[in-house]
Amino acid sequence: MYTLPRNLKLFSIVLIVLGLAGIIFGFLTTPKTIDDVKEIMAEQEGHHGEEHAVVTHGEENTANFVDEARGQEGYSDAAMEHATDLKPEGHGVASHEEHVLHQLQTRPWSATFVAAFFFMMIALGALVFYAIQYASSAGWSPVLYRIIEGITSYLLPGSVIVFLIVVFAGTHFYPWQNHELVADDKILQGKAGYLNFPFFLIRAVIYILGWNLYRYFSRKNSLAQAEANNYEPHRKNFKASVFFLIFFLLTEATMSWDWFMSMTPHWYSTLFAWYIFASMFVSAITVIALVTIHLKNMGLVPFVSDKHLHDLAKFMFAFSIFWTYLWFGQFMLIWYANIPEEVTYFIIRIQEYKVLFFGMLILNFVMPILVLMNSDYKRIPWFVVIAAVFILVGHYIDIFLLVMPSTVGHNWSFGIPEIAAFLFFMGLFIFIVGTGLGKVSLRPKNDPYIKESENYHF
Amino acid sequence: MASKKIHAIYTDDDLLLQAVKQTREANYHISEVFTPFPVHGLDHAVGLAPTRIAITSFIYGLIGLSVAVLMMNYMMIQDWPQNIGGKPSFTYYQNMPAFIPIMFELTVFFAAHLMVVTFYMRSKIWPFKKAENPDVRTTDDHFLVEIDVENHDVEKLTKFLYDTGASEISLIENEQDH
């Protein structure tokens, strides 16, 4: 039996309290009126002069954009202008200050959403990994079932929070929810059959219901198997896992269109859903490895050997490369064709978020490759921990870059709202996963493959 | 080199693995083991050093990557930087996304092919090479362990091998190089 160590528990509670305070602070300190924005902008210009004037004057900034490579204005100008027009305030009488006001008000929402989704997707990815182990009748992983179940216990609170954020964010995230904007926009009218609020709400309910139901029943069957004298619960879990994987594949795709792609409703990409899935899956496996190492250090899982760690590290390595493959597949196709409707997505990310955008590639691709390439290193816990830190930080940035450029644009920064949201959800994650792990014995009994798994070596 | 060797034939891979362990414990020197298929754990039991072919492959991959970068940098950026469909051919990094598929493929190409060639050379395998098979049955269903007699007592060694479960034991004298 595992009990969350006292100091870790205290640590997580401190994180939750600090984080909550920071989140509230973030929401309270957003400018309320256009006058506030004017004040802020005047202050910034006063303090930093030229340097910041460019950042705050979004329109100038887009006007200044030239295709640096050719030294001439290209397609991209028109595209950038178009992209800023996407914002509800970009139209007609709305002033630049109003536009900035909207983005500044969105910032605490986005900061909270990034962290909330990041930790929710870890629990969800772990659940998918778990379902795959069942559906493929894996012989190596049954010793990890209780650990993975512990991690997925965060799914219920995590997904409810994410659900509440996407439902109540409204036009902060989703311009298509602004009726005045849709009335002026042919493209959004064309998409209104899919992008309308009631349908959006129904879909979101279906996602979190489906995911949480599978989590509930698989956990129940898995525990029932420990008491059973036949393999009936395992068979049920096998079937449930197969159907869950089909359900997940569909809902994950629509989830990423709903929650992320519709933040920029004029833009679309086909492999976007798989790209988000790759991010989700690799982070989840990384956290499974981290929790396993933590439990192993406490001496609670003597039946988990360094061979199991080796396999988890192989998954971390392989799916880091898979993520990079999808990232590059998306980036390169859009960069190569350079079609104005598509390329805006990357222009704003490269212009305003350059360090994060390319730094994330080093964290998510180069570091895991170098650290985890050697077969022996995959069995050394602290090597895996180093790689895990790179991967998790990298994928937090990845989610940050999915959301922030689409919602707050160039008015982003990394300050109290972002850090506080991250701390809050990390505290919540540690607390709930720690409690979830402590509910039952960590050794799955009676599983048909448990003996094979305990004697696993290669 | 005039030397005496003993060929002990086994008919089961579990028996073979056990016999190899016992032989090593008794401090007899196994010079070679012939099997019709890979026996899991045999290299460990015989005490072979782990292969370093993965390391060579990594180095070959880096060479392939360098070749790709140098080649394309010379051709597309240095030698004749044309404007092809508006792609920015001013510096290598500006046009890099277009080069990455080739960088990737050449890395894999070099890593794979040079590693295979290394394997052939280290294992001394090539076309028209004379097969070094002491007993044709070892490619079908028999396992053969070759032990150096050195200055051991042949009688005792034979008895020992018989006890490990060998089905045939033969003394090979003055065997020249294959």
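View 1. A:His308 is placed in helix H14 (residues 306–337) of chain A, where helices (H or I, at least four residues) and strands (E, at least two) are DSSP runs numbered from the N terminus. The structure is a predicted model, in which local features need pLDDT of at least 70, side-chain atom pairs count only at pLDDT 80 or more, and totals for chains, interfaces and linings use all residues. Residues are numbered from 1 along each chain as its sequence is written, chains are lettered from A and ligands numbered from 1 in the order in which they are written, and side-chain values use heavy atoms, with hydrogens and water left out. The relative accessible area of A:His308 is 0%, so the residue is buried (buried is under 20% relative accessible area, exposed over 50%, partly exposed in between; 1.4 Å probe, protein chains only). Apart from neighbours within four places in sequence, A:His308 is in contact with A:Trp140, A:Val143, A:Phe303, A:Ser453 and A:Tyr456; contact means heavy atoms within 4.5 Å.

View 2. Helix H6 (residues 96–135) of chain A holds A:Ala116. A:Ala116 is buried, at 1% relative accessibility. With neighbours within four places in sequence set aside, its contacts are A:Ile161, A:Val162, A:Ile165 and A:Phe425. A:Leu181 is 65 residues from A:Ala116 along the chain, and their C-alpha atoms are separated by 28 Å.

**View 3. A:Ile24 in helix H1, with A:Ala420.** A:Ile24 belongs to helix H1 (residues 6–28) of chain A. This residue is partly exposed, with a relative accessible area of 45%. Between A:Ile24 and A:Ala420 there are 9.2 Å in space, C-alpha to C-alpha, and 396 residues in sequence.

**View 4. Crossing of helices H13 and H17.** The axes of H13 (residues 272–297) and H17 (residues 381–407), both of chain A, come within 9 Å and cross at roughly 145 degrees. Axes are lines fitted to C-alpha atoms, for helices over the stretch in contact, and angles run from 0 to 180 degrees between N-to-C directions. The crossing of H13(A) past H17(A) is left-handed, meaning that the near helix is turned anticlockwise from the far one by less than a right angle (right-handed if clockwise). Residues making the contact include A:Phe272, A:Tyr275 and A:Ile293 of H13(A), and A:Pro381, A:His395 and A:Asp398 of H17(A). The contact residues comprise 16 nonpolar, four polar and one charged (Ala, Val, Leu, Ile, Met, Phe, Trp, Tyr, Cys and Pro count as nonpolar, Asp, Glu, Lys and Arg as charged, and the others, Gly among them, as polar).

**View 5. Two aromatic pairs.** Rings of Phe, Tyr and Trp (its six-membered ring) pair if their centres lie within 6.5 Å; planes under 30 degrees apart are stacked, over 60 edge-to-face and the rest tilted. This rule gives 63 aromatic pairs over all chains. The ring centres of A:Phe173 and A:Tyr174 are 5.7 Å apart with planes at 90 degrees, so this pair is edge-to-face. Both A:Phe173 and A:Tyr174 are buried. For A:Trp382 and A:Phe383 the centres are 4.6 Å apart and the planes at 35 degrees, so the pair is tilted. A:Trp382 is exposed, at 55% relative accessible area, whereas A:Phe383 is buried, at 17%.

**View 6. Charges over rings.** A:Arg203 lies over the face of A:Phe199, 4.3 Å from the ring centre. The charged end of A:Lys378 is over the ring of A:Phe317, at 5.5 Å from its centre. A charge sits over a ring if NZ of Lys or CZ of Arg is within 6 Å of the ring centre and within 35 degrees of the ring normal.
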